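Try each task yourself before you read the solution.

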Amino acid sequence: IRQAGLLKETKEYTSAIGACRHLSLWTQAVLLFDDLQRGLLELNAILCNSAVSACERGEQWLLAFAVLGGMQLAGLQPDVITCNAAKSACGIGRRWALALALLRATGGFSVRVDVVSFNAAASACEKAARWAPALGLLRDLLRRGIPVDAISRNSAISACEKCGRWRWSLELVDWACSVHLPMDRIGYNAMISACEKGQEWTLALAALDGLRRAGLERDAVSCNSATSACEKALRWQASLDLLRQASGSLKTTLVTHNAAISACGQASDWQRAEVLLDRVCCTQLQPDAFACSAAVAACEAGGEWARGLERMVRCAEFGAVGTVIATAGISSCAAASLWA
């Protein structure tokens, strides 16, 4: 580009790289940055910030650090925008250790960290399922007297959720309420999911009710997690109640139906399992191997091996075939002593 004479001055490159950032064209932004360096043109903070932000949007953490390194070689001090964008790129790339290292190094750049700085690092920890560092960042944020926002709180709750630390998730929710930091749907969903992973179905339902009492509408994620929690606890009636409620107000997903079908299977209620699977087939949802195998297993548990085999054949018509369904069918035959 430089040799063609299209861009000659730093300010022209600055505008071009800024445009690439707005359009999420990280490849072009990096090429322009490299072209500028080869031309020995002077860098500036605005240009570098745009390049790092473009890399962040393109989920290119390594290139973001390369731009950061080029900035330092040019004698420019990264500012809070540069560092936050680089940490966010680390979060997208699940490079939580690098994000923490950059947060610690930010003080060496004479940059005053803010809540966005901590949130970027906390998000990296959350995406990498590192709950302890995420909680450490939250404590550090409070120690410095920097106001905590919804992103800070939700990142910590989600990190605990991903690691199955449901007690910590509940503690964080209680703390947020005690300091008058209103919970949002993202935070509640993370707490419900944490309870689901911890097989705490009563707490999951309580959190779902807390969502309602807070004046927030439940979504498919809320209902899926709560239904799965009931299914894992063999509470099939609660699973069906949640599915019924969701069907009246939400566009249910296959995950919701799968959990309810599986709950019926575990309760040997093959009739309800078949009704639910037929309902899925009548909608735009495509039954998968899990739904079909759960229905076949329900028939087996109810002593209806013939129906189970018939269901297996019908599922094959939908393309839902696989080892899981075949195993369920073989199990039905074994239960009926039809091995030959």
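## Exercise 1: Two helices side by side

H8 and H9 are roughly antiparallel to each other, because their angle is over 145 degrees. This is a predicted model, and the task is to find the numbers and contacts behind that description.

**Task.** At what angle do helix H8 and helix H9 pack, and which residues meet?

**Solution.** 
- Step 1: Find the pair. H8 covers residues 131–143, and H9 covers residues 150–162.
- Step 2: Read the geometry. The angle is about 155°, and the axes lie 8 Å apart.
- Step 3: Look at the handedness. H8 passes H9 in a left-handed crossing.
- Step 4: List the contacts. On the H8 side are Trp-131, Ala-134, Leu-135, Leu-138 and Leu-141, which meet Ser-152, Ala-156, Ala-159 and Cys-160 in H9.

## Exercise 2: A serine in H9

**Task.** Is Ser-158 buried or exposed?

**Solution.** 
- Step 1: Locate the residue. Ser-158 is found in helix H9.
- Step 2: Compare with the cut-off. Ser-158 has 11% relative accessibility, and buried means under 20%, so Ser-158 counts as buried.
- Step 3: Check its partners. Not counting residues up to four places away in sequence, Ser-158 touches Glu-126 and Ala-190.

## Exercise 3: The whole chain and its cores

**Task.** How many helices and strands does the protein chain have, and which residues touch the most other members of the largest nonpolar core?

**Solution.** 
- Step 1: Count the elements. The protein chain has 19 helices and 0 strands.
- Step 2: Take in the burial. Of its 340 residues, 46% count as buried.
- Step 3: Turn to the largest nonpolar core, which has 44 residues; Phe-118, Leu-137 and Leu-172 touch the most other members.
- Step 4: Follow one of these. Leaving aside neighbours within four places in sequence, Leu-172 is in contact with Leu-135, Leu-138, Ala-156, Ile-157 and Cys-160.
- Step 5: Consider how far contacts reach along the chain. Among contacts between residues at least 6 apart in sequence, 65% join residues at least 24 apart.

## Exercise 4: Getting to know H1

**Task.** Which helices do the buried residues of H1 pack against?

**Solution.** 
- Step 1: Describe the helix. H1 runs over residues 10–22, has 13 residues and reaches 18 Å from its first C-alpha to its last, close to the 18 Å expected.
- Step 2: Pick out the buried residues. These are Thr-10, Tyr-13, Thr-14, Ala-16, Ile-17, Gly-18, Cys-20 and Arg-21.
- Step 3: Name the partners. The buried residues of H1 pack against helix H2 (26–38) and helix H3 (45–57).
- Step 4: Examine the H2 side. H1 and H2 pack at about 165°, with axes 9 Å apart; they are therefore roughly antiparallel to each other.
- Step 5: Thr-10, Tyr-13, Ala-16, Ile-17 and Cys-20 in H1 meet Gln-28, Ala-29, Leu-32, Phe-33, Asp-35 and Leu-36 in H2.
- Step 6: See what comes after the helix. H1 is followed by Ser-24, whose phi is positive, near 60°.

## Exercise 5: A threonine in H1

**Task.** Which residues does Thr-14 touch, not counting residues up to four places away in sequence?

**Solution.** 
- Step 1: Thr-14 sits in helix H1 and is buried, with a relative accessible area of 16%.
- Step 2: List the contacts. Thr-14 touches Asn-44, Ile-46 and Leu-47.
- Step 3: Thr-14 and Asn-49 are 35 residues apart along the chain, and their C-alpha atoms are separated by 9.8 Å.

Note on methods:
Residues are numbered from 1 along each chain as its sequence is written. This is a predicted model: local features need pLDDT of at least 70, side-chain atom pairs count only at pLDDT 80 or more; totals for chains, interfaces and linings use all residues. Side-chain values use heavy atoms; hydrogens and water are left out. A nonpolar core is a set of buried Ala, Val, Leu, Ile, Met, Phe, Trp, Tyr and Cys residues joined through side-chain atoms within 4.5 Å. Buried means under 20% relative accessible area, exposed over 50%, partly exposed in between (1.4 Å probe, protein chains only). Contact means heavy atoms within 4.5 Å. Helices (H or I, at least four residues) and strands (E, at least two) are DSSP runs, numbered from the N terminus. The expected span of a helix is 1.5 Å times one less than its number of residues. Axes are lines fitted to C-alpha atoms, for helices over the stretch in contact, and angles run from 0 to 180 degrees between N-to-C directions. Angles under 35 degrees count as roughly parallel, over 145 as roughly antiparallel, 65 to 115 as roughly perpendicular and the rest as oblique. A crossing is left-handed if the near helix is turned anticlockwise from the far one by less than a right angle, and right-handed if clockwise.
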